[in-house]
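Here is a short report on helix packing, the nonpolar core and salt bridges. Keep the model open while you read.

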Amino acid sequence: MGVSGSGKSTVGELLADRLGVPYADADDFHSPANIAKMSAGTPLTDEDRWPWLDAIGAWAAGRAADGGAVVTCSALKRAYRDRLRAAAPGLFFVHLDGSRELIAGRMAAREGHFMPGALLDSQLAALEPLQEDERGARVDIGADAARIADEAAAAVRGRPSA
């Protein structure tokens, strides 16, 4: 989980590889209407997000019995994570977190993504970090992607990273 530009897709793929489980990117679950809205610089509403979150939760729940999976999703608000957990109760959230400057720089450098950098501030404003009663861990994104994935894997496995 994390704001756009935090490295979810890159780290998610690496994490899935380290854990030996399937990977999915939540961006692939968005409706064409949601993508068009975000491409135009308009933040999604909760009503836009509910079907998207339900599809992600169903995908995750379908893989729980087979050893799990990694799915990257912004999951910025507690209500969104609660909705995902309603479908897949065993979810463990890895919050990829870093400074606004670092994330903005990454967003400016990437090409071909529908999410404009102009929406970063709205995502940061909406972000509700993991709470103590939520299964998950915060991982700083200041290191290279391999190191971040190693820390995330250690957190998922329930032990400190090396």
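Contact here means heavy atoms within 4.5 Å. This is a predicted model. By that contact rule, and not counting residues up to four places away in sequence, Leu-84 touches Leu-53, Ile-56, Gly-57, Cys-73, Ala-75, Leu-91 and Phe-93.

Leu-84 also stands out in the largest nonpolar core. That core has 31 residues, and Cys-73, Leu-84 and Leu-96 touch the most other members. Elements giving it two or more residues are α1 (8-19), α3, α4, β3 (93-97) and α7 (145-157).

Next, the helix pair. The axes of α3 (residues 46-64) and α4 (residues 78-87) come within 8 Å and cross at roughly 35°. The crossing is right-handed. Contact residues include Leu-53, Ile-56 and Gly-57 of α3, and Tyr-80, Arg-83 and Leu-84 of α4. By class, the contact has 9 nonpolar, 1 polar and 4 charged residues.

Now the charges. The count comes to 14 salt bridges. Among them are these:

| Pair | Closest N to O distance |
|---|---|
| Asp-82 and Arg-78 | 2.9 Å |

Asp-82 and Arg-78 lie 4 residues apart in α4, so about one helical turn separates them. Asp-82 is partly exposed, at 33% relative accessible area. Arg-78 is buried, at 17%.

Glu-134 and Arg-81 are both buried. Arg-78, Arg-81, Asp-82, Arg-85, Asp-133 and Glu-134 are linked in a network of salt bridges.

What is the exposure of Arg-138? Arg-138 is partly exposed, with a relative accessible area of 49%.

Definitions and conventions. Residues are numbered from 1 along each chain as its sequence is written. This is a predicted model: local features need pLDDT of at least 70, side-chain atom pairs count only at pLDDT 80 or more; totals for chains, interfaces and linings use all residues. Side-chain values use heavy atoms; hydrogens and water are left out. Axes are lines fitted to C-alpha atoms, for helices over the stretch in contact, and angles run from 0 to 180 degrees between N-to-C directions. A crossing is left-handed if the near helix is turned anticlockwise from the far one by less than a right angle, and right-handed if clockwise. Ala, Val, Leu, Ile, Met, Phe, Trp, Tyr, Cys and Pro count as nonpolar, Asp, Glu, Lys and Arg as charged, and the others, Gly among them, as polar. A nonpolar core is a set of buried Ala, Val, Leu, Ile, Met, Phe, Trp, Tyr and Cys residues joined through side-chain atoms within 4.5 Å. Buried means under 20% relative accessible area, exposed over 50%, partly exposed in between (1.4 Å probe, protein chains only). A salt bridge is a side-chain nitrogen of Lys or Arg within 4 Å of a carboxyl oxygen of Asp or Glu.
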